[in-house]
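Here is a short briefing on one protein model. Please keep the sequence and the structure in view while reading.

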Amino acid sequence: KEYNAPPQFEVPQWLKGEQFYRKSIEQLMHEEPHAEPSLLFQLSKMIPEQSLVYLGNSLPIREWDLAADAKPFQVFANRGLNGIDGQISTFLGLCQSEKENWGLFGDLTTLYDMAAPWIIPQLESHNLNICVINNGGGKIFKRMFPERIFQNPHHLCFESLAKFWSLQYQRWSLIPASSRLTGPHLIEIIPDNEATERFWSKIPR
């Protein structure tokens, strides 16, 4: 939130820079609502306060930190050395029966832990949502390596995974303003990759 200093104090330059950066991000999310960080912001607005939120792996952590609404959530993440394996299993082990549970996972991270939902029928909490951000590969590497092979590109859909584990399935390209979900869900979130590239290219350096 914007800090207004008392009249006798001058706002530090670093704080002015932080406020300018935040306003720039908010403007970008307005300009590019289908970009991946914008979708995470919309999701954070939709998730109720006090929910358990689990972030796995690297890109969801970075984008949530950049864009999420400043609401009181119980947030967890587990990177380990690189942390791509066992993320959904960790989330399911953390789920609590008295609150909503939201796990946000990249598509490659989900592929590494497709067996995890076997345990769901044995859990006390069924109010859980596995959100798969399917951008068609490891897009975090696109800004690091020019070779496409590093991205592990794919054209997979996760609806069949939901059916395999008897999870309710939804596919979102925009986040609904509110959603009354009951029971375990797998929600596939589909960002617009071109909008995401424009978003990152416009961020002030």
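**Overview**

Seven helices and six strands form the secondary structure of the protein. Helices (H or I, at least four residues) and strands (E, at least two) are DSSP runs, numbered from the N terminus. Along the sequence the pattern reads α-α-β-α-β-α-β-α-β-α-β-β-α.

The model is predicted: local features need pLDDT of at least 70, side-chain atom pairs count only at pLDDT 80 or more, and totals for chains, interfaces and linings use all residues. Residues are numbered from 1 along each chain as its sequence is written, and side-chain values use heavy atoms, with hydrogens and water left out.

**Burial, contacts and surface**

- Of the 205 residues in the protein, 46% are buried. Buried means under 20% relative accessible area, exposed over 50%, and partly exposed in between (1.4 Å probe, protein chains only).
- Among contacts with a separation of 6 or more, 68% come from residues 24 or more positions apart. A contact means heavy atoms within 4.5 Å.
- The protein exposes about 11,500 Å², and carbon and sulfur atoms supply 54% of that area. Accessible areas come from the Shrake-Rupley method with a 1.4 Å probe; for residues, only the protein chains shown count as cover.

- Strand E3 covers residues 101–106. Six of its six residues are buried, so E3 is largely enclosed by the rest of the structure.
- Asn101, Gly103 and Phe105 point one way from E3. Trp102, Leu104 and Gly106 point the other way.
- E3 runs parallel to strand E1 (residues 52–56), and five bridges join the two. Strands pair if DSSP finds at least two bridges between them.
- Valine 53 has tryptophan 102 of E3 as its bridge partner.
- E3 also runs parallel to strand E4 (residues 128–133), joined by six bridges. Here glycine 106 stands opposite isoleucine 133 in E4.

**Nonpolar cores**

- The largest nonpolar core has 19 residues. Leu43, Trp64, Trp102 and Leu104 have the most contacts inside it.
- The elements giving two or more residues to this core are helix H2 (36–46), E1, E3, E4 and strand E6 (185–189). H2 gives the largest share, four residues.
- Another core, of 17 residues, lies apart from it; Ile88, Val132, Phe158 and Leu186 are among its members.
- A nonpolar core is a set of buried Ala, Val, Leu, Ile, Met, Phe, Trp, Tyr and Cys residues joined through side-chain atoms within 4.5 Å.
- Leucine 43 touches Trp102, Leu104, Trp172, Ile175 and Ile189, not counting residues up to four places away in sequence.
- In soluble globular proteins, nonpolar side chains tend to be buried together.

**Salt bridges**

- The structure holds six salt bridges. Each is a side-chain nitrogen of Lys or Arg within 4 Å of a carboxyl oxygen of Asp or Glu.
- Glutamate 26 and arginine 22 form one of them, at 3.6 Å from N to O. These residues are four apart in helix H1 (residues 13–31), so about one helical turn separates them.
- Glutamate 26 is partly exposed, at 41% relative accessible area. Arginine 22 is partly exposed too, at 26%.
- Lysine 202 and glutamate 31 meet in another salt bridge, at 3.5 Å from N to O. This pair links distant parts of the chain: lysine 202 lies in helix H7 (residues 193–202) and glutamate 31 in helix H1, 171 residues apart.
- Lysine 202 is partly exposed at 39%. Glutamate 31 is also partly exposed, at 39%.
- Glutamate 32 forms a salt bridge with arginine 198, with the closest N and O atoms 2.8 Å apart. Glutamate 32 sits in the loop between H1 and H2, arginine 198 in helix H7, and 166 residues separate them.
- Glutamate 32 is buried, with a relative accessible area of 7%. Arginine 198 is partly exposed at 37%.
- Glu31, Glu32, Arg198 and Lys202 are linked in a network of salt bridges.

**Cysteines**

- A search of the whole structure finds zero disulfides. A disulfide is a pair of cysteine sulfur atoms within 2.5 Å.
- Cysteine 95 counts as buried, at 16% relative accessibility. Cysteine 157 is partly exposed, with a relative accessible area of 42%.
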